[in-house]
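Below are my notes on the model, as numbered points.

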Amino acid sequence: MTEVVLLSLAEKTGAGDVCGGECAACTATGSAPAATCAPRTQVLACADALRQAGAQVEIVTVSSDAEIDAVIKGFDAAPRPDGLDWPALDPGVRLIVASATDGQLRAVVRRLVRRYAPPPSRRPADLADDRTVPDLPPLGILPLDGSSTSDLAAQLGLPRDPAAVAHAVLSGRSRRLDLLRNDGGSVTVDGALVGGADEDGGAVPRRGRVEVDDAVLSDGSDPILACAVGNGGGYASFDGLPLLTDGNPTDGRVEVAVAVPVVVKRMFRASRVRVEVRRARGRAVSVLPRD
């Protein structure tokens, strides 16, 4: 019998915030225990579909990093001689993350990376030279926002119906995707948009040095309207301006774009400003703010 853990998260898991559901358990202080939050309708429907297919299902609701870690520990491989925590190649248990936002999904992936990424001083010989973390346990995504067309599940063409998600987890195949990691130890599954905005949401130019591998997109002297870093299509545009055009979450590289205003001088006519978008692809990105 296949075992499945159906994991539901708080709206901003890691900060102890409430789940965003409609049950009466969450107080005005936003500190309700996870055990008091009723599972969302989609979670219950997915669990029913899994059980009908013969799976054994455990529904877990978490509201902190520690509670996520307790779930992830169940996917550990047998103890290694070097003492590193390592994911099992076939843990025997499948994981589904019920997420209302990509931030909730990222919270789980971040804890997976924190657990299984070895520190540089203890890098094992069986980790490939071009890797910083082993293959993580595969996870299924149960979108709680059934209408989103821009979240990661939509970008990857994953099913959104609870019954279809259950079928994919039990009968589908795993797909390997890249992760974006930063020097602070955090991780994202899609991309990041760097820049400033005014009270009306309009772009405010900032200066900074932006490098992609050996390519310099800005040396710090340009007023940058927006800087997008991504391996997917979630940040393909900003305020109607096309930025990322070739996001590929499986090729080991990220795409980076900076939007810079350029003054065009015209003879006998007033100068005008156009926006120039500079792009590059690579494995490593550095964004160093000057302002």
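1. A salt bridge is taken here as a side-chain nitrogen of Lys or Arg within 4 Å of a carboxyl oxygen of Asp or Glu. The model is predicted: local features need pLDDT of at least 70, side-chain atom pairs count only at pLDDT 80 or more, and totals for chains, interfaces and linings use all residues. Residues are numbered from 1 along each chain as its sequence is written, and side-chain values use heavy atoms, with hydrogens and water left out.

2. The salt-bridge rule gives a count of 17. One of these joins aspartate 135 and arginine 176, at 3.1 Å from N to O. Aspartate 135 sits in the loop between α3 and β4 (139–143), and arginine 176 in the loop between α5 (162–171) and β5 (180–181), so the pair links distant parts of the chain, 41 residues apart. Helices (H or I, at least four residues) and strands (E, at least two) are DSSP runs, numbered from the N terminus. Aspartate 135 is partly exposed at 41% relative accessible area, whereas arginine 176 is exposed at 58%. The classes are buried for under 20% relative accessible area, exposed for over 50%, and partly exposed in between (1.4 Å probe, protein chains only).

3. The side chains of aspartate 251 and arginine 281 also form a salt bridge, at 2.3 Å from N to O. Aspartate 251 is in the loop between β14 (241–242) and β15 (254–266) and arginine 281 is in strand β16 (residues 269–282), so this pair ties together parts 30 residues apart in sequence. Aspartate 251 is partly exposed, with 31% relative accessibility.

4. Which residue forms a salt bridge with aspartate 48? The partner is arginine 51, with the closest N and O atoms 3.9 Å apart. Both lie in helix α1 (residues 41–52), three residues apart, which means a separation of about one helical turn. Aspartate 48 is partly exposed at 41% relative accessible area, and arginine 51 is partly exposed at 41%.

5. A nonpolar core is a set of buried Ala, Val, Leu, Ile, Met, Phe, Trp, Tyr and Cys residues joined through side-chain atoms within 4.5 Å. The largest has 27 residues, of which Leu7, Leu9, Val62, Leu95 and Val108 touch the most other members. Two or more residues come from each of β1 (3–9), β2 (56–62), α2 (65–72), β3 (93–99), α3 (102–116) and α4 (152–155). Helix α3 gives the largest share, seven residues. A second, separate core has 16 residues, among them Leu6, Val43, Ala55 and Ala98.

6. Three strands form an open sheet in the order β11-β10-β17, with antiparallel pairing. Strands pair if DSSP finds at least two bridges between them. The edge strands β11 (215–219) and β17 (285–289) each have a single partner strand, so one side of each has no neighbour in the sheet. Strand β10 (residues 208–212) is joined to β11 by four bridges, and glutamate 211 has valine 216 in β11 as its bridge partner.

7. On the surface, Val194, Val285 and Val287 form a nonpolar patch with about 180 Å² of accessible area together. Patches are made of residues with over 30% relative accessible area and no salt bridge; like charges are joined within 9 Å, and nonpolar side chains (Val, Leu, Ile, Met, Phe, Trp, Tyr) within 5 Å. Accessible areas come from the Shrake-Rupley method with a 1.4 Å probe; for residues, only the protein chains shown count as cover. Valine 287 lies in strand β17 and is partly exposed, at 35% relative accessibility.
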